[in-house]
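Hi everyone, thanks for making time this morning. I have one structure to walk you through, and I'll keep it short.

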Amino acid sequence: MASASLLSSSPVIQKSEWVKGGQSIRLPSAAAAVRCQPAATPSGLAVRASYADELVKTAKTIASPGRGILAMDESNATCGKRLASIGLENTEANRQAYRTLLVSPPGLGQYISGAILFEETLYQSTVDGRKIVDVLIEQNIVPGIKVDKGLVPLAGSNNESWCQGLDGLASRSAAYYQQGARFAKWRTVVSIPNGPSALAVKEAAWGLARYAAISQDNGLVPIVEPEILLDGEHGIDRTFEVAQKVWAEVFFYLAENNVMFEGILLKPSMVTPGAECKDRASPEQVAAHTLKLLRTRIPPAVPGIMFLSGGQSEVEATLNLNAMNQAPNPWHVSFSYARALQNTCLKTWGGQPENVKAAQDALVVRAKANSLAQLGKYTGEGESEEAKKGMFVKGYVY
């Protein structure tokens with residue numbers, strides 16, 4: 001059973017300990033029955049004793065050397081935009097075909113440790129009838145789930161947003177755990193051109209902290225994603241200044257909500273200039289600014305820093321990650337990319353069944369490139385022109 005992993009001394013979850021297809025899973029009512037009173041950890045944080053060990057093991061499994069996260073949690077509407085770019089209608093059958101393509105390339109698990117799914121995908125089967133959760137587990141990939149309900153206007157702010165989804169999150173998280181998910185993702189954003197206002201920063205940090213506490217309480221490792229949007233003409237130093245404030249606020253409220261740092265993963269933006277800034281930054285400059293920010297804001301107890309790509313080209317995102325791994329870090333510094341893993345794969349597929357293998361090969365090539373970057377061994381040689389194309393869209397709505 002999944003709960004047996006709590007008795008193991010291994011820091012990494014073995015495939016045999018995972019739940020497949022919703023079998024042998026602790027039901028929400030059973031979970032509630034076995035929970036103990038909050039136990040004090042050495043760091044002084046309160047955690048649920050029934051999940052603490054499992055959360056740490058899951059986080060370390062995802063943050064394992066040479067591996068990162070495939071973010072394939074696009075909402076149905078956003079997935080429809082991707083499909084439209086290759087001339088496909090946004091139907092469940094087409095979404096199923098594309099998601100089947102993404103989860104089933106042979107050998108993908110050598111480079112990918114976790115996959116973030118949309119709710120439809122978590123409960124979906126492949127085109128040949130296998131449960132997508134089972135396919136991931138067979139690939140040695142931990143299934144995850146997007147749990148936020150998207151961005152909406154933040155009243156009283158400077159045209160900024162807040163992320164909704166806390167209502168009902170506990171019960172949804174328990175159901176996702178039962179279905180086989182072992183980590184969660186919640187994305188909120190901060191806009192530099194719009195301020196950012198103190199209200200927007202505080203709202204983003206508090207929402208992330210409440211989500212993280214609820215996720216851990218239900219056995220899911222929370223990915224904490226405070227995205228600093230690329231929009232704007234600002235330079236890299238302004239990004240650094242804003243990110244300092246945002247990350248400080250986020251970790252303050254995580255601590256206030258008794259979130260166990262050893263059982264989370266951080267998914268931040270890299271520190272880069274705004275997309276419309278005339279002064280571009282080299283991978284070495286991006287790495288220097290980003291690592292300085294990590295060292296001054298992120299506790300070493302956090303197992304993994306899984307960067308988002310945020311509209312960078314596939315190659316740019318990989319080069320920047322590689323530059324950050326030229327010397328040892330206290331954390332596993334890796335990737336959680338969506339478009340920066342999928343773009344060439346999607347274009348290669350084009351919705352044609354005869355192109356599936358070539359598209360999957362392209363996905364594995366990108367995953368391997370980022371695996372090498374996580375190890376600090378990526379050279380950038382032999383990259384296609386498609387992989388070098390930027391993917392920033394001003395005012396992009398997910």
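This is a predicted model: local features need pLDDT of at least 70, side-chain atom pairs count only at pLDDT 80 or more; totals for chains, interfaces and linings use all residues.

I'll talk about a strand and its partners, then the cysteines, then a pair of helices.

Let's start with strand β3, residues 68-72. Is that strand mostly covered or mostly open? It is mostly covered, with five of its five residues buried.

So which strands pair with β3? One is β4, residues 112-117, joined to β3 by five bridges, and the two run parallel. Another is β12, residues 332-337, which also runs parallel to β3 and is joined to it by two bridges.

Now the cysteines. How many disulfides does a search of the whole structure find? Two cysteines are worth a look anyway. C163 has 7% relative accessibility, and because buried means under 20%, it counts as buried. C277, at 10%, falls under that cut-off too, so C277 is buried as well.

Last stop, the helices. The axes of α11, residues 314-324, and α13, residues 356-374, come within 7 Å and cross at roughly 20 degrees. Angles under 35 degrees count as roughly parallel, so that is the label for α11 and α13. On the α11 side, the contact is made by E314, V315, T318, L321 and N322. Across from them, α13 contributes R366, A369, N370, L372, A373 and Q374. As for handedness, the crossing of α11 and α13 is right-handed.

Terms used
Residues are numbered from 1 along each chain as its sequence is written. Side-chain values use heavy atoms; hydrogens and water are left out. Buried means under 20% relative accessible area, exposed over 50%, partly exposed in between (1.4 Å probe, protein chains only). Helices (H or I, at least four residues) and strands (E, at least two) are DSSP runs, numbered from the N terminus. Two strands pair if DSSP finds at least two bridges between them. Axes are lines fitted to C-alpha atoms, for helices over the stretch in contact, and angles run from 0 to 180 degrees between N-to-C directions. Angles under 35 degrees count as roughly parallel, over 145 as roughly antiparallel, 65 to 115 as roughly perpendicular and the rest as oblique. A crossing is left-handed if the near helix is turned anticlockwise from the far one by less than a right angle, and right-handed if clockwise. Contact means heavy atoms within 4.5 Å.
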